[in-house]
Amino acid sequence: MSANHPVISVTGSSGAGTSTAKVALEHIFRREKVTPAIVEGDCFHRFDRLTFREKSAEFEAQGKRLSHFSDEANLFDNIADLFKSYGEVGKGLARTYIHDDEEAKIYGVEPGKFTDWREVGEGSDLLFYEGLHGGVEEVLPYADLLLGIVPVVNLEWIQKIHRDTEMRGYSSEAVVENILSRMHDYVHFITPQFSNSDINFQRVPLVDTSNPFIARDVPTPDESVVVIRIRKPEKWGIDFPWLTSMLNGSFMSRRNTMVVPAGKMMFAMELILSPIIHDMMEKRRKG
């Protein structure tokens, strides 16, 4: 662990719900008076929006698929370089991907394009990465805390279909085609990360999601539970009896795994992660 410049990475697929972890961590940062350097993973895509479409057409002409999940469409070494550099000197190179007109006004760059690379981290207490590939093999040696956000796959698909149709204007058919086109890369580049993560938060529905492609609604928190697996509880000083006493309705399913009502997911994240981040900052101050 880099005591002076810790790196926290949150990884999860498109539609997985990493924003919940981001909000929970922001609450902790505020209470602990932590200044994070925040980097979004899509800044490490290899291609801007137009170039990606052109490359995708080239791949299709060759009978192949190009997806944002793959190594061919991302700069894994650059993520590793950022994590490594930040851990050593508290700074590193990143950029910003411009999603829409609102961000374009802020950065002066057209939607679908990247800003120039710039140095980030000056004056920060830790690096916080959120994206698709925060736990790929290249970055593992440099992440001090790796969190995986991974709903069971049917729920993940329902969430993605709902988000992309309701918020982004895609048709259901287009979203399903997108899911299918990414499946090979999902298996090879997304799921392996969750074997290496320090803590996984996996939301599990308690209603029938057998056919996610016809589901009209995302299961509510009352219709779900969250399975929390902590790979090395002793490393992080996890007190499971205390956690289960604090989280009404929770229980242990294995020696390192607890089940929590989904409505308490953010509360559970804060209870688990607050002491870890507090300890990180104490070591940094003493370092």
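Student: What volume does the largest pocket have, and what makes a space a pocket rather than a cavity?

Tutor: The largest pocket has a volume of about 1,900 Å³. Among the 49 residues that line this pocket, those closest to its centre are Ser14, Lys160, Arg163, Arg168 and Arg182. On a 1 Å grid over the protein atoms alone, a pocket is an open set of points with protein on both sides within 12 Å along at least five of seven lines, whereas a cavity is a set of points where a 1.4 Å probe fits but cannot get out; lining residues have an atom within 4 Å of a point. The volume itself is the space filled by probe spheres set on the points, which are joined across faces, edges and corners. This is a predicted model, in which local features need pLDDT of at least 70 and side-chain atom pairs count only at pLDDT 80 or more, while totals for chains, interfaces and linings use all residues. Residues are numbered from 1 along each chain as its sequence is written, and side-chain values use heavy atoms, with hydrogens and water left out.

Student: How do you know which classes of residue the lining of the largest pocket has?

Tutor: Ala, Val, Leu, Ile, Met, Phe, Trp, Tyr, Cys and Pro count as nonpolar, Asp, Glu, Lys and Arg as charged, and the others, Gly among them, as polar. Sorted in this way, the lining of the largest pocket has 11 nonpolar, 19 polar and 19 charged residues.

Student: What is found in the structure that counts as a cavity of 30 Å³ or more, and which residues line the largest cavity?

Tutor: The structure holds 1 cavity of 30 Å³ or more, and about 90 Å³ of space lies in the largest cavity. Its lining is made of Ser13, Ser14, Phe69, Glu156, Trp157, Lys160, Ile179, Arg182, Met183 and Tyr186, which divide into 5 nonpolar, 2 polar and 3 charged residues. Helix 5 gives the largest share of this lining, 3 residues, where helices (H or I, at least four residues) and strands (E, at least two) are DSSP runs numbered from the N terminus.

Student: What makes the largest nonpolar core a core, and which residues touch the most other members?

Tutor: A nonpolar core is a set of buried Ala, Val, Leu, Ile, Met, Phe, Trp, Tyr and Cys residues joined through side-chain atoms within 4.5 Å. The largest one has 36 residues, of which Leu25, Ile228 and Leu273 touch the most other members. Helix 10 gives the most to this core, with 10 residues.

Student: Why is Lys33 called exposed?

Tutor: Lys33 has a relative accessible area of 69%, which is over 50%, so it is exposed. Lys33 is placed in the loop between helix 1 and strand 2, and its phi is near 55 degrees, a positive value in a residue other than glycine.

Methods:
Buried means under 20% relative accessible area, exposed over 50%, partly exposed in between (1.4 Å probe, protein chains only).
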